[in-house]
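Please look over the sequence and the structure shown below before reading the report.

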Amino acid sequence: ANGVITGLGWYVTGVPAEALPNYTIKLKHTTAVNANVYDGVGLTTTAIVPSYAATAGGYDVVSFGTQTFTWNGADNILVDVCFNPVVNYNASGLVRTFAGSSKYIRSDLSSQCGVATSTTTTYRPQVRFQMTGGTPLTCFQPTNLSATNVTAYTAQLNWTTGGSIAW
């Protein structure tokens with residue numbers, strides 16, 4: 001469903017040792033179905049945080065203020081995040097990820113803002129969009145819900161669709 005994106009946050013599991021200078025978030029609509037090709041033309045800058053110090057233990061959402069992004073409800077969204085180099089780089093900042101591909105670029109010497117991504121990974125960071133407005137999704141209530149292959153960290157959920165839309 002379409003709506004206005006007013007913020008974006010990563011699920012932070014480890015705080016970076018240093019704040020990230022000039023942390024910038026840019027968004028754009030894309031019809032791309034994966035991250036194989038970077039298209040940095042027409043990005044909308046939604047946030048620039050002079051010194052971003054993440055908070056661990058959940059989604060750390062950066063609110064966009066007046067620079068919101070209106071999602072059309074149909075296209076995928078390209079998310080471009082960059083920041084200036086930190087004084088003493090280390091791998092202390094961590095976010096929760098899941099299987100899938102994403103791309104990145106990094107440098108210890110210069111900002112990579114506006115530079116096309118070049119390295120592909122086999123994981124995606126877990127992200128949350130903060131939204132307002134738009135048309136609510138119509139979702140049928142699942143029936144016959146069951147869990148199989150349950151382990152300490154995963155489970156396979158099975159259900160039947162076609163129930164009522166009244167929850």
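The protein exposes about 10,500 Å², and carbon and sulfur atoms supply 56% of that area; accessible areas come from the Shrake-Rupley method with a 1.4 Å probe, and for residues only the protein chains shown count as cover. This is a predicted model, in which local features need pLDDT of at least 70 and side-chain atom pairs count only at pLDDT 80 or more, while totals for chains, interfaces and linings use all residues. Residues are numbered from 1 along each chain as its sequence is written, and side-chain values use heavy atoms, with hydrogens and water left out.

The protein has 0 helices and 12 strands, where helices (H or I, at least four residues) and strands (E, at least two) are DSSP runs numbered from the N terminus. Along its principal axes, the C-alpha trace spans about 55 × 40 × 30 Å. Of the 167 residues, 23% count as buried, a term that means under 20% relative accessible area, with exposed over 50% and partly exposed in between (1.4 Å probe, protein chains only). Among contacts (heavy atoms within 4.5 Å) between residues at least 6 apart in sequence, 71% join residues at least 24 apart.

The largest nonpolar core has 16 residues, of which Tyr23, Ile25, Leu27 and Phe64 touch the most other members. Such a core is a set of buried Ala, Val, Leu, Ile, Met, Phe, Trp, Tyr and Cys residues joined through side-chain atoms within 4.5 Å.

Thr24 is placed in strand β2 and counts as buried because its relative accessibility is 8%. The side chain of Thr24 reaches the backbone oxygen of Asn22 at 2.9 Å. Leaving aside neighbours within four places in sequence, Thr24 is in contact with Thr45, Ala47, Ile48, Asp80, Val81 and Cys82.

Asn34, by contrast, lies in the loop between β2 and β3 and counts as partly exposed because its relative accessibility is 37%. The side chain of Asn34 reaches the backbone nitrogen of Asn36 at 3.0 Å. The C-alpha atoms of Asn34 and Lys103, which are 69 residues apart along the chain, are separated by 9.7 Å.

Definitions and conventions
Polar contact = N/O pair within 3.5 Å; in protein donor to acceptor, adjacent residues only side chain to side chain.
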